[in-house]
Number of protein chains: 2
Amino acid sequence: MYKRYSKQRTLILEIVKSTHSHPSADWIYNKARKIMTKISRGTVYRNLNQLAENGEINVIKDGDVMKYDGNILRHDHLLCTKCDSVYDINILPKDLDKKVQRLINFDVKQISLTIEGICQNH
Amino acid sequence: MYKRYSKQRTLILEIVKSTHSHPSADWIYNKARKIMTKISRGTVYRNLNQLAENGEINVIKDGDVMKYDGNILRHDHLLCTKCDSVYDINILPKDLDKKVQRLINFDVKQISLTIEGICQNH
DNA sequence: TAACAAATAGGAATCATTCCTGTTTATAAT
DNA sequence: ATTATAAACAGGAATGATTCCTATTTGTTA
Ligand SMILES: [Mn+2]
Ligand SMILES: [Mn+2]
Ligand SMILES: [Zn+2]
Ligand SMILES: [Zn+2]
């Protein structure tokens, strides 16, 4: 079995990596259409899932909508419940994963800290 | 304006408070039907949202499905990505909210730490 | 007991995401 | 370069959790 690099996947990865705005699949889809007019929603979702599984991007669960993050360095998030904006922040120490793994009997894959509240725009 | 206590809301709150299993709306709905056969899904969702807004229960965003937590004391969660189980754990200090609020310019409402991985059942 | 706003039941609508299928395309072997 | 083939795609249908709608019921106050 071999791995194929489609133009679509390359474009989707570039789009996610090119912003700090933690975009939704729909935002990414619309951005992609401007460059590749015939790209389909299904392709965007399939590739986002694949890139996430592959560890090339991160997923943020924002209620009913998923958001994607091109920054795969450990960091935390502020989530505004009024405008749904997501901001980066660093609260937890970088090595918390290993510390926690020593404490508990659970195969830790990812630790995510989300701070919900109201941002300065309101 | 006055507040009404329907039997439905009382039952739903009791059900959420009676378990440590972090149930979904559907699980709660089915449990409720056994006692109040004609209760509707809409009623379950409406009351869960209301109870959450009111601070009587907590909501956990688990991808596409919401889960509900009768324990409103600050605590953290282990989430198994294989069986979707949610376990309670205490990692963050109780007073982190205030510490963080002092550090950042953001009106902090809630801080949630979720540790994803694989639980002992696998 | 009467008046009325709050809440409900039941079902339709929404909407993000996944699934399906016939077609296209990137890669490896010839 | 040509060919074989599995990977990936486009387009659209299906899914499923949640919300919305409305006629009816019910809890509370006076
Ligand atoms: Mn981020
Ligand atoms: Mn809990
Ligand atoms: Zn905001
Ligand atoms: Zn598990």
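Before you start: residues are numbered from 1 along each chain as its sequence is written, chains are lettered from A and ligands numbered from 1 in the order in which they are written. In this predicted model, local features need pLDDT of at least 70 and side-chain atom pairs count only at pLDDT 80 or more, while totals for chains, interfaces and linings use all residues, and side-chain values use heavy atoms, with hydrogens and water left out.

**View 1. B:Thr43 in helix α3 of chain B.** B:Thr43 belongs to helix α3 (residues 41-53) of chain B; helices are DSSP runs of H or I with at least four residues, strands are runs of E with at least two, and both are numbered from the N terminus. With 13% relative accessibility, B:Thr43 counts as buried (under 20% relative accessible area, 1.4 Å probe, protein chains only). Its side chain makes a polar contact (N or O atoms within 3.5 Å, one able to donate a hydrogen and the other to accept it) with the side chain of B:Arg46 at 3.1 Å.

**View 2. Residues around DNA strand C.** DNA strand C is surrounded by 23 residues, each with a heavy atom within 4 Å of the strand. The closest are A:Tyr45, B:Arg4, B:Lys38, B:Thr43 and B:Arg46.

**View 3. Polar atoms facing DNA strand C.** A polar side-chain atom of A:Tyr45 sits 2.7 Å from a phosphate oxygen of DNA strand C, and one of B:Asn47 lies 3.1 Å from a phosphate oxygen.

Methods
Buried < 20%, exposed > 50% of the residue type's maximum accessible area, 1.4 Å probe, protein only.
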